[in-house]
Amino acid sequence: MKDSLAKKYLYKLSTNTTNLLINLLTAGIIPRALGVKDYGIFNYVTTILSQTFMFLDLRSSTYFYVKLSQKNNDNNLFNFYLIYAFTLNIIFCFLLFLTYLFSFNELIFIDVKISIIILGVFYTLLSWFLELCIKIFDANGATVFLEKYRIINKIIVVIFIVGFYYLSILHILTYFYIQIFFI
C-alpha cells in the first residue's frame, strides 16, 4: 500500500525538525570539541570537496530523480546512472590525484594533512551517495520507511557525538569517522 502524500510530508517534516534540533544541540559542542583550527579545516575541506563534486555532477542526480520518478521501473535508466555515478566518482578521485601529482594541493589545502583530505573525500562521496539513495527511495514511494530510519540514525549520531565529547575524544578524526560511519 502506498503512503499518502500527507504522511510522506509529515515524515519529511519530522526528519527536518529532528535535524534542526540536533544541529542546535551540537552547534555548541562540535566547534568547542574540535577547536577553531580543526573546525575550520573540517568545514573548508568538506566545502571545497563537495562543491567540486557538485560541479562535476552537473545536477545529473536531480535529472535522474525526475526521470526515475516518472519511470521508476526503468532498469536501463538505473543501470546507466549507476555506471555514470561510478565514472563520476573515478573522475573526481583522479582529479584529486592530479592535484597531488602536480603539487596543487599545497595551493588548495594549505597545511591540511593528507589523512584529513582522504576522510573528506570519503565523506563527500558518501554524502552524495546518501542523497542519491534518498532520491531513489522517494521516487519509489518508500519515503516513510526511509525517514523513520533517518530519524533513528540522526539520534544515534548525536548520542555518539555527545558521548565522545564528554569522554574528551571528539576531535577532527573521530568526528569524520562518526559522520562517515553513520552515512
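F102 sits in the loop between α4 and α5 (105–108). In this predicted model, that phenylalanine is exposed, with a relative accessible area of 52%, and F102 is one of the residues of a nonpolar surface patch. The chain is built from eight helices and has zero strands. Three salt bridges are present in the structure, and they share partners, so that K12, D138, E147 and R150 fall into one network.

**Overall fold**

- The order of elements along the sequence is α-α-α-α-α-α-α-α, with eight helices counted in the chain and zero strands.
- The C-alpha trace spans about 50 × 40 × 20 Å along its principal axes.
- The chain has 183 residues, and 37% of them count as buried.
- Taking contacts between residues at least 6 apart in sequence, 80% join residues at least 24 apart.

**Surface and charge**

**Nonpolar patch**

- The patch on the surface is formed by F94, F97, L101, F102, F104 and L107.
- Together these residues have about 690 Å² of accessible area.
- Helix α4 (residues 75–101) gives the largest share of the patch, three residues.
- F102 lies in the loop between α4 and α5 (105–108).
- F102 counts as exposed because its relative accessible area of 52% is over the 50% cut-off.

**Salt bridge D138–K12**

- Side chains of opposite charge can pair when their charged atoms come close.
- D138 and K12 form a salt bridge in which the closest N and O atoms are 2.8 Å apart.
- This pair links distant parts of the chain, with D138 in helix α6 (residues 114–139) and K12 in helix α1 (residues 5–26), 126 residues apart.
- D138 has 17% relative accessibility and therefore counts as buried, the limit being under 20%.
- K12, at 23% relative accessibility, counts as partly exposed.

**Salt bridges of E147**

- K12 also meets E147 in a salt bridge, with an N to O distance of 3.0 Å.
- Here too the pair links distant parts of the chain: K12 is in helix α1 and E147 in helix α7 (residues 143–166), 135 residues apart.
- E147 is buried, its relative accessible area being 0%.
- A salt bridge joins E147 to R150 as well, the closest N and O atoms being 3.4 Å apart.
- R150 and E147 are separated by about one helical turn, because they are three residues apart in helix α7.
- R150 is buried, with a relative accessible area of 17%.
- Through shared partners, the salt bridges join K12, D138, E147 and R150 into one network.

**Surroundings of D138**

- D138 is located in helix α6.
- Setting aside neighbours within four places in sequence, D138 is in contact with K12, Y65, T143 and L146; K12 in this list is also a salt-bridge partner of D138.
- V66 is 72 residues from D138 in sequence, while the C-alpha atoms of the two residues are 10 Å apart in space.

- K8 is buried, because its relative accessible area of 19% is under the 20% cut-off.
- Not counting residues up to four places away in sequence, K8 touches D3, G141, T143 and V144.
- T143 is listed among the contacts of K8 and also among those of D138.

How values were computed. Residues are numbered from 1 along each chain as its sequence is written. This is a predicted model: local features need pLDDT of at least 70, side-chain atom pairs count only at pLDDT 80 or more; totals for chains, interfaces and linings use all residues. Side-chain values use heavy atoms; hydrogens and water are left out. A salt bridge is a side-chain nitrogen of Lys or Arg within 4 Å of a carboxyl oxygen of Asp or Glu. Helices (H or I, at least four residues) and strands (E, at least two) are DSSP runs, numbered from the N terminus. Buried means under 20% relative accessible area, exposed over 50%, partly exposed in between (1.4 Å probe, protein chains only). Contact means heavy atoms within 4.5 Å. Patches are made of residues with over 30% relative accessible area and no salt bridge: like charges are joined within 9 Å, nonpolar side chains (Val, Leu, Ile, Met, Phe, Trp, Tyr) within 5 Å. Accessible areas come from the Shrake-Rupley method with a 1.4 Å probe; for residues, only the protein chains shown count as cover.
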